[in-house]
Amino acid sequence: MRFEVTEWAVLPLETPPATDPSVTGAKAARLARAAVAGLPVLPGFVLVPASRAPGAVTGERALRAAWVQLVGGQRGERAVVVRSSSVHEDTENSSMAGRFDSVLDVRGWDAFVAAVRTVLASARRVRPLRSSAPGLPADGMAVLVQPMLKSAVGGVMFGADPVEGRTDRILVSAVRGGPDQLVDGSTQGVRYQLTRCARPVGGAAAGRRGARLLTRGQMRGLVTLAKRTERLFGGPQDMEFGFDRERRLWLFQARPITAMTP
C-alpha cells in the first residue's frame, strides 16, 4: 500500500474521532476508547487516509508535528513503536495476532517513515474485503504510533480463563521486559492464575519464580485493569501490558477473547 505523506491524516489517539474502528481500525480504536475512558494508555496518534477523515490535519507538516511531540524534539531523542491497526484484526471472531508487522524502537524521521511503509506493506498478506469498512481503504489498514516504552515487566493477561470457561479467574503471563517476547514466542513467561480479588490460586503452585516477578501490588493493579477494561468493552479482554521502571502500569492492547470455552 502506498504511503505519500500528503495523502494521510493525523488523528490524536485520545480524541473521540479515533474511537471509530471504521476510521482507525480495531486496535487503535479500542485503545482510543480506553484512553478517553481514563485507562492507562500511552499517548499517540493514528495515521488514516486523508479522504476518510474530514477535518483532520493532513500533510507532512502535521505528521512531523505529531511525531516531534512524541519523540521530544526534532532530533528524535525518544523512540516510537509503529503498529498496524486493521479492520481485519482484534475483532470478536479473529484476533489475527502477528499477521501484520509492527516496528519497535524506531528512532529518527527517516526510520519512522520507513516503518510506516513497512506496516502498510504488510496489509498485502490478507486478502482485501469486497466491501471494506466505510472509513478504511480496501485492505482495512491504518497505522498506530506511540512512544516506545521500555518495560521493566510486561506480559499478556486474559480477563477470564478461556480454557476452563471460568469468568472468576484472571490469567497472567509475565516476563522481564516487554510483552512482545511472549507474543512472538521467543520467551515463556511466568504464569499466574488470580481470583477477581487478586489472590493467587493454588498458593505455591503459582511458582516461587513468579513471586519475585510480580508483587502483590502489581497483581492488584492488573486485576483492577482487567475489571475496568471488561466494563468498558462489555466482556473479558485479551490484553497486553507493561510496568515501567517506576512500576506504573500501562495498557498496550485490548481485544476480545476469541476462543472462550462455554
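Mentor: Happy to. A salt bridge here is a side-chain nitrogen of Lys or Arg within 4 Å of a carboxyl oxygen of Asp or Glu. Please keep in mind that this is a predicted model. By that rule, the count comes to 10 salt bridges.

Let's start with D168, which forms a salt bridge with R166; their closest N and O atoms are 2.8 Å apart. With a cut-off of under 20% relative accessible area for buried and over 50% for exposed, D168 is partly exposed because its relative accessibility is 33%. R166 has a relative accessible area of 35%, so R166 is partly exposed as well.

Next comes R107, paired with D105 in a salt bridge whose closest N and O atoms lie 3.4 Å apart. The relative accessibility of R107 is 45%, so R107 counts as partly exposed. For D105 the relative accessible area is 34%, which makes this residue partly exposed too.

Now for a pair in another setting. D238 forms a salt bridge with R255, and here the closest N and O atoms are 3.2 Å apart. This pair links distant parts of the chain: D238 sits in strand β10 (residues 237-243) and R255 in strand β11 (residues 249-256), 17 residues apart. Both D238 and R255 are buried. Returning to D105 and R107, salt bridges that share partners join these two residues and K150 into one network.

An open sheet is formed by 6 strands in the order β3-β1-β2-β6-β4-β5, with antiparallel pairing. Its edge strands are β3 (57-58) and β5 (102-106), each pairing on one side only. Further in, strand β2 (residues 45-49) and strand β6 (residues 141-147) run antiparallel and are joined by 3 bridges. For L47, the bridge partner in β6 is V143.

Helix α2 (residues 26-36) lies across β2, β4 (80-86) and β6, and runs at about 110 degrees to β4. Helix α3 (residues 59-71) lies across β1 (8-12), β2, β3, β4 and β6, at about 160 degrees to β2. The length of α3 can be checked: at 1.5 Å a residue, its 13 residues should span 18 Å, and the end C-alpha atoms are 19 Å apart, which agrees. Buried residues of α3 include A62, L63, A66, W67 and L70. The buried residues of this helix pack against β1, β2, β3, β4, α4 (109-121) and β6. After α3 comes G72, which has a positive phi near 85 degrees.

To put this in context, the protein's secondary structure comes to 7 helices and 11 strands. Of its 262 residues, 52% count as buried. Among contacts between residues at least 6 apart in sequence, 64% join residues at least 24 apart.

Finally, a word on confidence. The average pLDDT is 86, and 85% of the residues score at least 70. Over residues 128-138, however, pLDDT stays under 50, and the model has 25 contacts beyond four places in sequence for that stretch.

Note on methods: Residues numbered from 1 in each chain as written. Predicted model: local features only at pLDDT ≥ 70, side-chain atom pairs only at ≥ 80, totals over all residues. Heavy atoms only, no water. Pairing = 2+ DSSP bridges. Helix = DSSP H or I, 4+ residues; strand = E, 2+ residues; numbered from the N terminus. Contact = heavy atoms within 4.5 Å. Axes fitted to C-alpha atoms, helices over the stretch in contact; angles between N-to-C directions. Expected span 1.5 Å × (residues − 1). Buried < 20%, exposed > 50% of the residue type's maximum accessible area, 1.4 Å probe, protein only. pLDDT = per-residue confidence, 0-100.
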